[in-house]
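Student: Could you walk me through reading a structure like this one? I would like the general idea each time, then the case at hand.

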Amino acid sequence: MQHRVFALPRQRSLVLPTVLNPFVQETVLTTTDKIKCVLLGVVLLPLRVLCLAVLLLVSWPVAAIATFLHPIKGAIEPMAGWRRVRVKGRRSHSDEAPILAVAPHSSFFDGIVTIVAGLPSTVSRSENLATPVFGRFLRCLQPVLVSRLDPNSRKNTILEIERRATSGGKWPQVLIFPEGTCTNRSCLITFKQGAFIPGVPVQPVLLRYPNQLDTVTWTWQGRKARTILLLTLCQLYTNIEIEFLPPQIPSEDEMKAPALFASRVRSTMAT
């Protein structure tokens, strides 16, 4: 009897490549780096803390007035009259690309993209609104809130994103970090589908930190947030690059299968 099953040789393509763990960040400070941090920190740290304190004292009342008597959750209408940030270049208007997909997400400093992108709405945990001072600033962005305690939170979040994304430009763009967590920027991990379920055009936004010494990356295994903030404030300057890619329009098949749309956008951003 003729054998129909044959033993195949091991394929080289099946050998797993050596890749970096995207959830681990181990920045090694040399003696020179430590000396620079100390010398610069003595001068820069007090000045920057003072500037931040003054900025917070001035901007917090403005944020409090802007959100006074405004509901924390379930806003029917977008706030009007105070969004004055404008960005020139390749950032699309909300009626052209209602959703901004930002990656890679590697630090709490990534929040600066909300200013460059014209203060869009964001997706945030409801617990973040309770953060002293910064919670009030977050309310100004009218975020789509996610609650870990609500079993219907995921469904409600997707519905709210879809409602805003299909408002025809009435609402500001919705900014989403589709990776859903922080990595060390060594790769783009699988995108979650929340930004792609509405089936509307999505504009990819790339974040880069081209610095010789990485003091900004915040992962589950690595430095604590306070250490990252302290090290960054002790640097002479910190570079950040934000690149707006052309909007990606989903095909009919991608509208039916958001995972396909998410995968294509991820591949576009990775190249």
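Student: What pLDDT does the chain average?

Tutor: pLDDT is the predictor's confidence in each residue, from 0 to 100. The chain averages 81, and 81% of the residues score at least 70. Where pLDDT is low, the predicted coordinates should not be read in detail.

Student: Which residues of the largest nonpolar core touch the most other members?

Tutor: In soluble globular proteins, nonpolar side chains tend to be buried together. A nonpolar core is a set of buried Ala, Val, Leu, Ile, Met, Phe, Trp, Tyr and Cys residues joined through side-chain atoms within 4.5 Å. Buried means under 20% relative accessible area, exposed over 50%, and partly exposed in between (1.4 Å probe, protein chains only). Here the largest core has 20 residues, and Ile99, Ile176, Phe191, Phe196, Val202, Val265 and Met269 touch the most other members. Two or more residues come from each of β1 (99–103), α4 (153–165), β4 (174–176), β5 (202–208) and α7 (258–270); helices (H or I, at least four residues) and strands (E, at least two) are DSSP runs, numbered from the N terminus. The largest share, four residues, is from α7. Apart from this core lies another, of eight residues, including Leu100 and Leu207.

Student: What does Val202 touch?

Tutor: Leaving out residues up to four places away in sequence, its partners include Ala97, Ile99, Phe196 and Phe261.

Student: Is Val38 buried or exposed?

Tutor: Val38, in helix α1 (residues 31–66), counts as exposed because its relative accessibility is 52%.

Student: And Ser92, buried or exposed?

Tutor: Ser92 lies in the loop between α1 and β1 and counts as buried because its relative accessibility is 7%. Beyond four places in sequence, Ser92 is in contact with Ala97, Gln173, Gln203 and Pro247.

Student: Where does Gly111 lie?

Tutor: Gly111 is in the loop between β1 and α2 (113–116). With a relative accessible area of 33%, Gly111 is partly exposed.

Notes:
Residues are numbered from 1 along each chain as its sequence is written. This is a predicted model: local features need pLDDT of at least 70, side-chain atom pairs count only at pLDDT 80 or more; totals for chains, interfaces and linings use all residues. Side-chain values use heavy atoms; hydrogens and water are left out. Contact means heavy atoms within 4.5 Å.
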